[in-house]
Amino acid sequence: MPGIDIQDLDRNAVRLLVPDLPTHKDLSPFLDEIDTNRIYTNFGPLHTRLESELAAFLGVKHALCLSSGTSALELAVQNLHLPKGSQILIPSLNFPSAAIACIRNGHDPVFSDVDLTTGSLRTDIARQALQKNSKISAVLVSVLLGCSTECSDWEKFQADTGCRVVIDAAGAIGHIKPPNSISTIYSLHATKPLSAGEGGVLATNDAAAAKELRALSNFGYTQQGLEHVGTNSKLSEYHSAVGLAALQAWPKAKAKRLSLFSEYTEKLNAIGLPAFARVMNQTGVTSTFSLVFHDVVGERAVEDLAHAGVETRRWYCPHLHRHPAFQGFSTTGPLKNSEWLSQRLLGLPFHTSLTSADIDQVCAAIKTLQR
Ligand SMILES: Cc1ncc(COP(=O)(O)O)c(C=O)c1O
């Protein structure tokens, strides 16, 4: 997503996202293991351990560790075995990965509107879309901005309609548990609360799906030879080492994010937040902190905040259907809520290096926007 040029920001500015990755010291026991094992990739011992620790963490039978959240989504879509040219419903207020995963698998995304409060797709919106367009055969649900989604509703939707569902919970590893019957993906990108630097997780309880997905991530090889047309999306041992060290640090990182969120909300309320904006719903450990302003937020606001030493970003602006790469694809109708939200969402600095003084600076800068 484009944002303000780093060069334009003051060196002391409060940054939007600062990765919180393990230090050299925290990593070194894992790196020592790699040196001893002399295994660097191809489902090595650290990769295997990360998968079993993540499966326990997520409460799921299989947590495949892959090279990115986007590659996890691409494989999840391939694993649906839809005929080429199938139509897949995705919310237009979104990161591009879901649409990319559809198109790279030879399918057509159909862009849907979202709920105005949570910015997410709801099952009743998807059911209406299916009534209007019976060719839709799958739905990719995205969990954005720290909002929750009713996973049990999506399981019921899938059972009732026969329309397959994949949940993209890229930034939501702290608060979305994979539902029993739906593949769920997470990102381990550097800016996510739990990170391997780069990486992704595909969580599923379906042993047959997990077996095929494992083969797909390794070019398509099974013991019978090259059985599928796959790709190479394996996670290396070095990235797995970072993931294992990050899991050890998770309780601390989680507590810090939760306390920063409360402090932010309190201080924004003290400057009269409800009069001009609301905080996006929060249900757990989020990767971002976002406001929805009552009025349109322009690039001018982002620049003014940058001059006040605060880096911000307009998330999902424009929403996907407005991007040149996706304009040829259809929509379920007017995307009013996606349009409305994309004009009013603003991501504020949120990361574990944030101090109370930084939050004060952000709040003071936001207050000046109201004048
Ligand atoms: C909703 C969503 N899906 C997918 C992704 C892509 O994840 P990755 O960067 O690991 O490919 C992101 C990245 O931020 C995201 O926000």
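This is a short tour of a predicted model, moving from a sheet to a helix and on to an annotated lysine.

**Stop 1: the sheet.** Start by selecting the seven strands that form an open sheet, in the order β1-β7-β6-β5-β4-β2-β3, with mixed pairing. At the edges you will find β1 (62-66) and β3 (108-112); each has a single partner strand, so one side of each is left without a neighbour in the sheet. On average, neighbouring strands here are turned by 25° against each other, direction ignored.

**Stop 2: β4 and β5.** Now colour β4 and β5, which run parallel and are joined by five bridges.

**Stop 3: helix α6.** Which residues of α6 (residues 151-161) are buried? Show Cys151, Trp154, Phe157 and Gln158. Looking down the axis of α6, you will see these buried residues fall within an arc of 110°, so they line one face of the helix. They pack against α5 (123-132), β4 (136-142) and β5 (164-168). Turn to the face away from the buried side, and there are the exposed residues Lys156 and Ala159. Following α6 comes glycine 162, with a positive phi near 75°.

**Stop 4: lysine 192.** Finally, select Lys192, in the loop between β6 (183-187) and β7 (200-204). An unreviewed UniProt entry annotates Lys192 as "modified residue: N6-(pyridoxal phosphate)lysine". Leaving aside residues up to four places away in sequence, lysine 192 touches Ala170, Gly171, Ser187, Arg257 and Ser287.

Terms used: Residues are numbered from 1 along each chain as its sequence is written. This is a predicted model: local features need pLDDT of at least 70, side-chain atom pairs count only at pLDDT 80 or more; totals for chains, interfaces and linings use all residues. Side-chain values use heavy atoms; hydrogens and water are left out. UniProt positions are given in the numbering used here, feature names are shortened, and annotations may be inferred rather than shown by experiment. Helices (H or I, at least four residues) and strands (E, at least two) are DSSP runs, numbered from the N terminus. Contact means heavy atoms within 4.5 Å. Buried means under 20% relative accessible area, exposed over 50%, partly exposed in between (1.4 Å probe, protein chains only). The arc is that of the directions from the helix axis to the C-beta atoms. Two strands pair if DSSP finds at least two bridges between them. Axes are lines fitted to C-alpha atoms, for helices over the stretch in contact, and angles run from 0 to 180 degrees between N-to-C directions.
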